Structure formats: C-alpha cells, structure tokens
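Q: I am new to this structure. Could you take me through how to read its features?

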Amino acid sequence: MGNGVVEFATARSPEAAWAFEPASFGLEVRNVALPELASAEGLQKVLATADLHRADGSFVRTLARRPFPRPVAVGAVDAFDVTLDVKTFAGDYEVRWGIHRANGAGLAPLPVAATPARLRVKNTIFEAFVELINACNFRCSFCPQTTLQREQKPMPFELATKIVRELAEMGHHHPIRCHLLGEPLLYPRFFDFVDATHGMGQRLLMATNGSRFQEKNVEGIFRSRLDEMVISLNTPEEELYNRQRGTRVPYAEYIAGITRMVSELVRRGPPPATRINILYERARNGDPEEAARVRRIANDWIRVVREVSGRSLPDAEDAVHLDPLRTALLPLCEGLELQWTAYHNWGEGGPPAAHFCVFPWKQLAVLVDGQATTCCVDAEGEIRLGDANVQTIEEIWNGPKLEALREGFLREKAIHPRCKRCDVRHDIEEYFPEKGSGSFSGSAEKVPDPFSEK
C-alpha cells in the first residue's frame with residue numbers, strides 16, 4: 001500500500017448505501033510508526049478521518065473526524081467497525097481514510113497508506129406520499145382545500161396497494177405518508193390499507209385533522225397498529241377554531257375526540273407515535289402574548305396526561321421555545337409530543353433568481369388519480385412526473401422529468417412553472433458542498449424541459 005505511519009485497509013463495505021443515511025464499514029488499522037496511537041493519552045492528539053470523493057477523484061465532503069476508540073500498539077493490527085452518515089446523493093464514490101494530528105495551528109494530515117472503500121450511493125424516497133383521499137370535512141382558511149380544482153375523490157384501493165408494493169420492491173424504508181391533501185380517516189378502506197401496508201413490510205404515517213376520533217376509529221388505530229400519527233390541532237382555541245376551520249363539527253365535540261385519542265395513547269402507549277401539531281404565525285415567535293398562548297395550550301394537554309397517567313409533570317412555563325426555523329417540540333409521555341410549526345403559504349411566494357430545492361431528491365407524492373409530483377406543496381398536482389396507473393414508482397423516480405428537475409436545480413434554476421413561482425428553497429451547499437467550491441460550473445446552458453407540451 002506504500003509508506004505511511006498508519007496503514008488502513010477496508011475489510012468490509014456495503015454493496016450500496018442510501019443517500020443521507022448511515023452506512024457501516026469494517027476497517028483494519030496497522031500502527032506502523034505512530035506513537036500517539038499506542039496510548040490512551042496519545043489518542044487525544046490524533047483524529048481518524050473519512051473523506052468522500054467522487055469516482056473521478058474530486059473531493060465532496062468530510063464524512064467524519066473522530067478519535068480512535070482504543071489504542072493500537074506500534075506494530076499491531078486492530079479491526080474497527082465504522083458507521084458513517086453518507087451525506088450525498090446518488091453516484092459512485094470512494095471513502096478515503098486518513099489521520100490528522102492536532103497542533104497549535106489546528107489539524108495537520110499525517111502520511112498514511114490506505115485502500116479506499118468504493119461505494120455506490122442510491123437515492124431513497126425519504127417522504128413518499130400516497131394521497132388516499134383528497135376530500136376533507138374541514139375547509140380551513142390556511143389550507144388549499146378551500147380552492148382545490150382537482151376532483152375530490154378516493155384513490156382506488158388497488159392503485160394504493162400497487163404503489164406500496166412497488167415502494168417495498170425499491171427497498172423503501174421510511175414511513176409512507178397516506179395524505180397530501182384530504183382527511184385519511186374519510187377513506188372507506190383506511191384500516192384495510194394499514195393492514196396491507198404492514199403486510200408488505202412498510203410503515204405508515206397518517207396526518208389527520210382530528211375530527212374522526214369516534215370510538216370505532218380509535219379502536220381501529222390501535223388494532224391496526226398504525227405506526228405514526230400527526231394530529232393537526234392547529235386551532236386549539238374555540239374562537240380561532242370557529243373562525244378558521246369551516247366545519248360543522250362543534251368545537252367541544254372536536255376537542256373531546258382528540259382528548260379521547262390522547263387519553264388512550266397515554267393508557268396504551270405507542271404505536272402510533274403521535275405528535276399534536278399547532279400552527280403559529282412566524283412573525284410572532286418573539287411576541288410575549290404568543291409565548292403565553294403557547295404555554296397555555298401546552299398546559300392544557302399536560303393536564304390531560306396528568307389526569308390519565310397519574311404522573312407528576314412540570315408545567316410548560318420554561319419548556320417551549322418557538323424557533324421560526326425549526327419545529328418546536330414538547331414531549332408529554334412516551335410516544336406523545338406537542339409540536340409547533342409556523343404557518344406557510346404553500347409555496348406561493350415567488351423564488352429568488354437563484355433557486356435550489358431538494359425535494360426532487362427526497363420526495364415523491366402520488367395523487368388520488370395516480371399522477372405523481374415531487375412536491376408536498378404542489379396541491380393541484382401541476383408537476384406531472386408520470387402516471388402510477390401505467391408506470392412503476394421506480395420508473396417515475398428515475399424518469400426523465402424528475403432528472404430534468406434535478407439537473408435544473410443543480411444549476412439553481414427552476415424549470416417548471418410551478419417551481420418558478422415557489423418560495424420554498426434550500427441551501428444547495430448543505431446537500432452539494434462541491435457547488436460552493438466551483439466543481440459545478442453554474443453554466444447558463446439551457447436545461448431540457450420535458451414538461452413542455454411541444
């Protein structure tokens with residue numbers, strides 16, 4: 001392998017890894033001539049590194065800088081298991097091992113002899129949406145359901161199960177989200193769908209408005225062992241509920257149903273792991289009145305948990321801190337949390353000139369009619385990637401339309417009209433750090449547009 005104070009050999013690496021998920025490696029380390037590696041005290045002065053490179057040798061990012069877990073005597077060989085988060089998208093890569101010594105100026109690389117680990121990375125669908133039904137019994141003022149032009153109907157059961165089966169065949173391993181718009185508990189065969197999904201080795205996440213927690217549905221949720229659930233409480237006060245929800249379900253009945261569901265969650269425990277979501281105005285995250293409101297809502301549900309469980313739980317006076325950049329969470333008991341998220345505008349704000357969106361690498365949604373989109377805020381399904389009635393999910397996921405969206409966003413350009421008027425944006429360097437180093441040219445070359453009607 002050549003000369004070096006340490007020799008690394010990759011003894012085991014995965015045939016393929018999922019993008020932005022952990023991958024495990026076996027590493028053999030021979031201490032040729034590095035005294036620091038031979039003692040516990042010396043280990044504090046050196047760090048092992050794992051750098052990701054493309055197959056052409058170009059550097060992508062550092063995956064890890066860690067101390068060795070134990071000493072290796074000079075002349076000895078030891079084996080280590082290494083788990084790395086592979087923070088990149090699909091392609092062929094190498095993981096290159098190294099050692100850095102701490103000095104007054106920071107970290108200095110030491111000469112090593114190493115065989116890199118070759119690694120093929122595959123994109124996974126982090127958020128797969130199966131819109132079981134796009135009809136809803138609420139008409140919330142903050143939801144595009146109020147202006148929806150698509151026909152409101154349920155998805156055929158055969159299509160829904162076909163999508164899940166094809167996701168399973170692709171190795172999908174994140175909870176499938178049985179919504180985009182609509183109230184899933186209105187779906188006529190909802191619990192049959194849960195059972196079918198579990199039968200194919202998949203997990204299910206349901207987002208519900210919380211209005212359908214009659215006893216039979218509560219029992220169905222526990223019988224089917226639904227995996228995860230988000231209850232969109234969103235309007236927890238009666239005045240706000242009556243003003244924004246647009247429903248005939250009385251507020252007292254609505255709260256009673258959610259209280260029934262929460263009480264059973266406390267008694268029985270998960271599954272489903274549940275979050276109760278409440279919306280707030282982003283501009284008010286530092287408002288003392290809004291903070292007081294948030295604490296008051298939290299304490300209402302803390303009291304429910306106290307009464308059912310008999311546990312002594314603290315009040316929420318110092319437990320909730322709103323952050324407009326991320327979801328605020330307050331655990332109530334095992335498997336049950338309150339969360340606060342800021343209102344958004346469903347991507348109808350207009351992007352800046354440079355526009356990067358990570359959704360084409362992470363999301364795929366199939367609407368009730370089988371049309372696929374790559375965006376959870378594409379309420380009308382304008383980004384038509386393909387038809388799950390006649391195509392497989394893998395064909396759509398790896399198809400030319402989605403590839404064109406990705407290619408466009410790599411140049412920080414939106415090529416679809418729906419994307420061009422969207423203000424959802426992400427930091428390109430978080431996902432493609434080489435973009436900042438000039439590895440991507442940012443060329444003005446025109447990206448092919450497979451969405452045109454020519």
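A: Start with the chain as a whole. This is a predicted model. Of the 454 residues in the chain, 50% are buried.

Q: How many helices and strands does the chain have?

A: The count is 11 helices and 20 strands. Taken along the principal axes, the box filled by the C-alpha atoms is roughly 75 × 65 × 45 Å.

Q: What share of the contacts with a separation of 6 or more comes from residues 24 or more positions apart?

A: That share is 70%. Pro116 and Ala50 are 66 residues apart along the chain, with C-alpha atoms separated by 9.5 Å. Ser58 and Ile163 give another pair: they are 105 residues apart along the chain, and their C-alpha atoms are separated by 37 Å.

Q: Which residues touch the most other members of the largest nonpolar core?

A: A nonpolar core is a set of buried nonpolar residues joined through side-chain atoms within 4.5 Å. Here the largest one has 137 residues, and Val95, Trp97, Phe190 and Trp301 touch the most other members. Helix H5, residues 251-268, gives the largest share of this core, with eight residues. For Phe190, setting aside neighbours within four places in sequence, the contacts are Leu132, Cys178, Pro184, Leu185, Met206 and Leu226.

Q: What covers the buried residues of helix H3?

A: Begin with the buried residues themselves. In H3, residues 215-223, they are Asn217, Val218, Gly220, Ile221 and Phe222. Their cover includes H2, strand E13 (204-208), strand E14 (228-232) and H5. After H3 comes Arg225, with a positive phi near 55°.

Q: Where is His53 found, and which backbone oxygen does its side chain reach?

A: His53 is in strand E4, residues 46-54. Its relative accessible area is 11%, so His53 is buried. The side chain of His53 reaches the backbone oxygen of Gly57 at 3.0 Å. Not counting residues up to four places away in sequence, His53 touches Ser58, Phe59, Val60, Tyr93, Glu94 and Arg96.

Q: Where does Ser58 lie?

A: Ser58 is in the loop between E4 and strand E5 (59-66). Because its relative accessibility is 25%, Ser58 counts as partly exposed. The side chains of Ser58 and Asp56 are joined by a polar contact of 2.7 Å. With neighbours within four places in sequence left aside, Ser58 is in contact with Leu52 and His53.

Q: Which residues does Pro116 touch?

A: First place the residue. Pro116 is in the loop between strand E9 (112-114) and strand E10 (117-122). Pro116 has a relative accessible area of 33%, so it is partly exposed. Apart from residues up to four places away in sequence, Pro116 touches Thr10, Glu94, Val95, Arg96 and Trp97.

Q: How many cavities of 30 Å³ or more does the structure hold, and what lines the largest?

A: A cavity is a space where a 1.4 Å probe fits but cannot get out. The structure holds two cavities of 30 Å³ or more.

How values were computed
Residues numbered from 1 in each chain as written. Predicted model: local features only at pLDDT ≥ 70, side-chain atom pairs only at ≥ 80, totals over all residues. Heavy atoms only, no water. Buried < 20%, exposed > 50% of the residue type's maximum accessible area, 1.4 Å probe, protein only. Helix = DSSP H or I, 4+ residues; strand = E, 2+ residues; numbered from the N terminus. Contact = heavy atoms within 4.5 Å. Polar contact = N/O pair within 3.5 Å; in protein donor to acceptor, adjacent residues only side chain to side chain. 1 Å grid on protein atoms, 1.4 Å probe; cavity = no way out; pocket = protein on both sides within 12 Å on 5 of 7 lines; lining within 4 Å. Points joined across faces, edges and corners; volume = space filled by probe spheres on them.
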